[in-house]
Amino acid sequence: MPGPARVALALGSGGARGYAHIGVIHVLEERGYEIVSVAGSSMGAAVGGLYAAGVLGEYTEWVRTLTQRDVLRLLDPKLRAPGAIRADKIMSRVSELLGGALIQDLPIAYTAVATDLLARREVWFQDGPVDVAVRASIALPSFITPVMLNGRLLADGGLLNPVPIAPTAAARADLTVGVVLSGEAPVGGAATPQRESARPQPVEEWFERFRRTATQVLDRDLVRSVTSRFGGARRSEPVTAASQAVEEVFGELPAGMGMFDVMQLSLEAMQALVTDYRLAGYPADVYVTVPKAAARTLDFHRADELIALGRELAIAALDEAGRPDG
């Protein structure tokens with residue numbers, strides 16, 4: 001009698017939307033799948049490492065209790081660091097749960113993916129302390145401070161590999177499942193260029209399109225609450241008549257938009273394109289796609305609803321793929 005189907009699981013980057021990974025794992029286990037390999041970038045590396053170490057249940061219980069005030073305290077913002085958040089308090093709890101676990105000793109094959117900013121290369125952690133690998137992988141530029149390890153300046157793995165399927169290729173698996181946390185980008189994705197005139201248009205021709213996009217993308221109260229203490233740059237150079245004429249063409253920037261909002265939107269635009277290319281080269285058998293609009297990057301107080309969303313999307317994806325329940 002054949003055993004349960006063996007699954008290789010790739011968990012994508014996407015901040016608090018990564019709580020959906022927990023729901024996906026719950027569904028796979030309930031349906032009798034055996035997860036034999038897991039790779040992750042950023043939040044995917046954190047959830048994947050905790051799962052492979054057998055402590056995801058304790059982590060889940062903890063994050064379900066977090067309020068928005070708790071999250072702000074745990075994020076530990078630092079003005080002078082090369083990232084708004086040091087994440088020391090969060091990693092202290094993660095390290096406590098992992099209890100010194102080593103990747104090579106885990107019962108499930110595990111890879112945490114980071115980016116070497118100096119070498120501009122992807123880095124795979126497949127041995128050594130799990131918590132060190134997770135910390136390197138979660139360093140989202142402009143938010144979480146990068147780290148130096150063995151001469152490498154390491155940052156978020158999602159910069160170069162948002163859904164790391166390639167590290168699971170050697171697994172003897174029947175099924176590869178990829179969890180994408182950047183689906184249904186509200187700006188329409190990067191695949192099709194949008195043609196636009198440089199001539200100003202009447203407000204009624206573009207306002208509704210802007211309103212819909214801004215509602216989904218710019219409602220980032222939690223991000224602003226962390227970054228509002230960092231003042232934006234002010235114009236100090238003289239304004240010439242020519243530059244003034246150009247500036248008069250443009251409208252006002254969205255209310256409340258700060259430097260960190262612009263940096264995050266820029267990263268998200270880049271990652272959408274990188275994801276498309278990487279998944280074309282290393283396709284999964286089943287994709288669970290979490291909409292980008294489901295949560296903001298730092299909405300770590302919304303564990304219950306995002307775990308439930310992951311469950312719902314995993315059930316739908318597996319059913320649509322027509323896979324056996326195990």
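Predicted model: local features only at pLDDT ≥ 70, side-chain atom pairs only at ≥ 80, totals over all residues.

Residues are numbered from 1 along each chain as its sequence is written, and side-chain values use heavy atoms, with hydrogens and water left out.

**The whole chain.** Select the protein chain and colour it by secondary structure: there are 11 helices and 8 strands, where helices (H or I, at least four residues) and strands (E, at least two) are DSSP runs numbered from the N terminus. Buried residues make up 48% of the 326 residues, buried meaning under 20% relative accessible area, exposed over 50% and partly exposed in between, with a 1.4 Å probe and protein chains only. Among contacts (heavy atoms within 4.5 Å) between residues at least 6 apart in sequence, 78% join residues at least 24 apart.

**Strand 7 and its partners.** Select residues 175-183, which form strand 7, where 8 of the 9 residues are buried. Two strands pair if DSSP finds at least two bridges between them; strand 1 (residues 6-11) pairs with strand 7 in the parallel sense over 5 bridges, and Ala-8 stands opposite Thr-176. Strand 7 also pairs with strand 8 in the parallel sense, over 5 bridges, and there Val-179 has Val-288 as its bridge partner.

**Helix 11.** Next select residues 303-321, the 19 residues of helix 11, which reaches 27 Å from its first C-alpha to its last, close to the 27 Å expected at 1.5 Å a residue; the expected span is 1.5 Å times one less than the number of residues. Which residues of helix 11 are buried? They are Ala-303, Leu-306, Ile-307, Leu-309, Gly-310, Leu-313, Ala-314, Ala-317 and Leu-318. Looking down the axis of helix 11, you will find its buried residues within an arc of 155 degrees, so they line one face of the helix; the arc is that of the directions from the helix axis to the C-beta atoms. On the other side of helix 11, Glu-312 and Glu-320 are exposed. The cover over the buried residues of helix 11 includes helix 1 (19-30), helix 3 (56-64) and strand 8 (286-291). Just after helix 11, Gly-322 takes a positive phi of about 75 degrees.

**The core.** A nonpolar core is a set of buried Ala, Val, Leu, Ile, Met, Phe, Trp, Tyr and Cys residues joined through side-chain atoms within 4.5 Å. In the largest one, of 78 residues, select Leu-9, Tyr-19, Tyr-59, Tyr-110 and Phe-125, which touch the most other members. Helix 11 gives this core its largest share, 8 residues. A second, separate core of 6 residues includes Ala-10, Ile-165, Leu-279 and Ala-284.

**A loop residue.** Finally, select Asn-161, in the loop between strand 6 (152-156) and strand 7. Is Asn-161 buried or exposed? At 1% relative accessibility, Asn-161 counts as buried. Show its surroundings as well: apart from neighbours within four places in sequence, Asn-161 is in contact with Ser-41, Val-113, Glu-122 and Arg-278.
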